[in-house]
Amino acid sequence: MDFDLPEDLQMLQQAAREFAENELAPRAAEADKEESWVGEQVRLCAEMGFLGMAVPEQYGGSELGTLGSSLVLMELNKGCASTGTTVSVHNSLTCESIVRFGNDEQKQRYLPKLATGEMLGAYCLSEAGSGSDAGSLVCRATPDGDDWILDGTKLWISHGNQADLAVIFARSDADAGTRGITAFLVDTSSEGYKPGKKERKMGLRGSPTVELQLDNLRVPAANVLGEVNDGFKIAMALLDGGRIGIASQAIGIADACLAASVKYAGEREQFGKPLAAFGAIQEKIADMATYIEGARLLTLRAATLKDGGKPYGREASMAKLQASRGANYCAKEAVQIHGGAGYTRDFPVERYFRDARITEIYEGTTEIQTLVIARTYLR
Ligand code: COS
């Protein structure tokens, strides 16, 4: 078994690292403070080909595979998690929805624009009453001639007010539970697609999270993604891949926590020596690094399984579970190592601490990951 990355992936990683250091990290504090959309950062990511990572080359994508995408996402999130989340959702939940479940016409219509960033993609599953219990969603999809009419309210939609294309899951059969949900590709310029309230969030403040009203929203039958009533399985299959993206994000945030802690521990002196000379600090650094490297191995393994066409759902959940817990551990200890300074906005670790928190919540909570993992052993 060889744990070294091939040279092309090392070069990709290095390019993403330099990009994140030069273009994302310097803008991250401002976007957080002002709660301003990271649109310019996303545009720069598009120029790098990072919006087409999941798109095959024949449609103009950079086709980096899940492993390449994961490596890029780790670096982007080290610089700016708000940008990282946008790139992850766009690639793993929207582009992949069409690559994996779209027909030829849908691929030709949308993938070239998604790959270049001409279109930004969103994913609309959650509702007020259906978060973890995604299969109980109630937004309606009613057939009307050759079209469908969508009605209802979606919640927690990442950049739903900035996206050009939204994958929307709605109930097409009231009595069929998880077998009565259909996925639709919706142009957000359609009348009846109405972004509403923007959430005031603890972290990821450069990534707007909005409520979405579907108000008599007409969708042509040609925009049904996959088969009618197969939407729940599509949603779950996409989330399996999305979780590798969020694991990568968590690792990026944790990496940033470790780097900031190592720097501060080397510079800050107490009792006549740097903090790094104290065993209590060394133990924190060692635990942080070990948590990160364990999570990285799990994440790259899940990505490799997915790229190899093998089952990876459990492994993706394991990666997300470990990486998101690790990110929160690292963020807590990074603030602790910085002491009072870490509790102020003069240092980035308080932002990392707030950004890390969501990784245990979205695209399946920690509790849902444990459920998904445990049931593969217990049934
Ligand atoms: N891939 C493909 N199909 C899947 C799947 C997956 N990962 N997981 C479940 N399915 C299928 C099942 O095989 C089953 O198919 P059949 O109808 O043919 O039997 C169907 O979907 C229903 O599965 P299940 O009974 O397991 O559904 P549950 O309602 O019990 O839900 C969990 C299972 C809890 C795992 C699911 O609801 C979940 O992941 N919730 C978290 C949602 C989430 O991440 N929300 C965040 C949204 S983005 S911020």
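This is a predicted model: local features need pLDDT of at least 70, side-chain atom pairs count only at pLDDT 80 or more; totals for chains, interfaces and linings use all residues.

Colleague: Which helix gives the most to the lining of the second largest pocket?

Modeller: A pocket here is an open set of points on a 1 Å grid over the protein atoms alone, with protein on both sides within 12 Å along at least five of seven lines; a cavity is a set where a 1.4 Å probe fits but cannot get out, and lining residues have an atom within 4 Å of a point. The second largest pocket holds about 470 Å³ of space. Among its 16 lining residues, Asp2, Phe3, Leu300, Arg301 and Thr304 are the closest to the centre. With seven residues, the top contributor is helix H7 (residues 279–307).

Colleague: And how much space lies in the largest pocket?

Modeller: Grid points are joined across faces, edges and corners, and a volume is the space filled by probe spheres set on the points. For the largest pocket, that comes to about 1,300 Å³.

Colleague: Which residues are the closest to the centre of the largest pocket?

Modeller: Helices H4 (81–101), H6 (231–267), H8 (313–338), H9 (349–358) and H10 (366–378) each supply at least two lining residues, and so does strand S3 (147–158). Domain 2 (122–229) and domain 3 (233–378) each give at least three; those bounds come from an automatic or database domain assignment. Of the 46 lining residues, the closest to the centre are Leu239, Ile361, Tyr362, Glu363 and Gly364.

Colleague: How much area do domain 1 and domain 3 bury between them?

Modeller: The C-alpha centres of the two domains lie 20 Å apart. Their contact (heavy atoms within 4.5 Å) takes 25 residues from domain 1 and 31 residues from domain 3. Buried area is the accessible area (1.4 Å probe) that two parts lose on being put together, summed over both. Here 60% of it is on carbon and sulfur atoms, and the total is about 2,200 Å².

Colleague: How many salt bridges does the rule find across the interface of domain 1 and domain 3?

Modeller: The rule asks for a side-chain nitrogen of Lys or Arg within 4 Å of a carboxyl oxygen of Asp or Glu. Arg354 and Asp32 form a salt bridge through their side chains, at 2.8 Å, N to O. Across the interface of domain 1 and domain 3, the count is two.

Colleague: Last one: which helix gives the most to the lining of the largest cavity?

Modeller: There are three cavities of 30 Å³ or more, and the largest has about 50 Å³ of space. Its lining includes Ala28, Asp32, Cys80 and Arg351. Helix H1 (7–34), H4 and H9 each supply at least two residues. With three residues, the one that gives the most is H1.

Terms used: Residues are numbered from 1 along each chain as its sequence is written. Side-chain values use heavy atoms; hydrogens and water are left out. Helices (H or I, at least four residues) and strands (E, at least two) are DSSP runs, numbered from the N terminus.
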